Amino acid sequence: MSDKRKDYISWDEYFMGVAHLAALRSKDPNTQVGACIVSTDNKILSMGYNGLPNGCSDDEFPWARSADDGDELKTKYPYTVHSELNAILNYRGPGLEGARLYVTLFPCNECAKAVIQSGIKTVIYEDDKYRNAPNNIASARLLHAAGVRCVRYQRTGRKIEIEL
């Protein structure tokens, strides 16, 4: 009898990998973010990435971070949906109570509200590059106040190649 494989990936590697794969669907030229919602028994419930709402052409709306004339309507911000919110809205099951959210970038304050309201209890995030921005400080405060556990994902250094 042979022994089982020992080099399989962990649950955290698997779900963060799925979040990274989802991020590759984003059309945003600057920041691609992916999210994966997981049940308490390690089943994928939903995924999302940052992009435009269904039915809105990503060729007809702007992707700029700023506009020369300061017109916010010429930027991506009023039009895009963040990965976390997309994952929550994409879910069609009975509820997300107790679920975990794997996300490649720490949630903003608006996504934090959706995470809290949906019943997600743990956020595993990889990057926190906006940690000193007011909306991320607010996000951390909201998540903490609501008892949502936030854990920074620790990269393992494992490389996985997928040929498609």
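This is a predicted model: local features need pLDDT of at least 70, side-chain atom pairs count only at pLDDT 80 or more; totals for chains, interfaces and linings use all residues.

Student: In what order do the five strands of the open sheet lie, and which are the edge strands?

Tutor: The five strands form an open sheet with mixed pairing, in the order S2-S1-S3-S4-S5. An edge strand pairs on one side only. The edge strands are therefore strand S2 (44-49) and strand S5 (149-152).

Student: In which sense do S3 and S4 pair, parallel or antiparallel?

Tutor: Strands of a sheet pair through backbone hydrogen bonds, in either a parallel or an antiparallel sense. Leucine 101 has valine 123 in S4 as its bridge partner. Over five bridges, S3 and strand S4 (residues 122-127) pair in a sense that is parallel.

Student: Which strands does H2 touch where it packs on the sheet, and what angle does its direction make with that of S2?

Tutor: Helix H2 packs on the sheet and touches strand S1 (34-38), S2 and S3. What covers the buried residues of H2 includes these strands, S1, S2 and S3, and also H3. The direction of H2 makes with that of S2 an angle of about 140°.

Student: Which residues of H2 are buried?

Tutor: A residue counts as buried when its relative accessible area is under 20%. In H2, this applies to Ser83, Glu84, Asn86, Ala87 and Ile88.

Student: Which residues touch the most other members of the largest nonpolar core?

Tutor: This core has 20 residues, and the elements that give two or more residues to it are S1, H2, S3, H3 and S4. Apart from it lies another core of nine residues, among them Cys36, Val38, Tyr102 and Ile124. In the largest core, the residues that touch the most other members are Ile37, Leu101, Val115 and Ile120.

Student: Is leucine 96 buried or exposed, and what is its relative accessibility?

Tutor: Leucine 96 is found in the loop between helix H2 (83-90) and strand S3 (100-105). Beyond its neighbours within four places in sequence, leucine 96 is in contact with residues including Ile37, Ile88 and Ile120. The cut-off for buried is under 20%, so leucine 96 counts as buried, at a relative accessibility of 6%.

Student: How far apart in space are leucine 96 and leucine 45?

Tutor: The two residues are 51 residues apart in sequence. From C-alpha to C-alpha, leucine 96 and leucine 45 are apart by 8.3 Å.

Student: Is cysteine 150 buried or partly exposed, and what is its relative accessible area?

Tutor: Cysteine 108 is buried, with a relative accessible area of 10%. For cysteine 150, the value lies between the cut-offs of 20% and 50%. Cysteine 150 is therefore partly exposed, with a relative accessible area of 33%.

Student: Which residues does asparagine 109 touch, not counting those up to four places away in sequence?

Tutor: Asparagine 109 is in helix H3 (residues 109-118). Its relative accessible area is 17%, so asparagine 109 is buried. The residues that asparagine 109 touches, with that exclusion, are Asn135, Ala138, Ser139 and Leu142.

How values were computed:
Residues are numbered from 1 along each chain as its sequence is written. Side-chain values use heavy atoms; hydrogens and water are left out. Helices (H or I, at least four residues) and strands (E, at least two) are DSSP runs, numbered from the N terminus. Buried means under 20% relative accessible area, exposed over 50%, partly exposed in between (1.4 Å probe, protein chains only). Contact means heavy atoms within 4.5 Å. Two strands pair if DSSP finds at least two bridges between them. Axes are lines fitted to C-alpha atoms, for helices over the stretch in contact, and angles run from 0 to 180 degrees between N-to-C directions. A nonpolar core is a set of buried Ala, Val, Leu, Ile, Met, Phe, Trp, Tyr and Cys residues joined through side-chain atoms within 4.5 Å.
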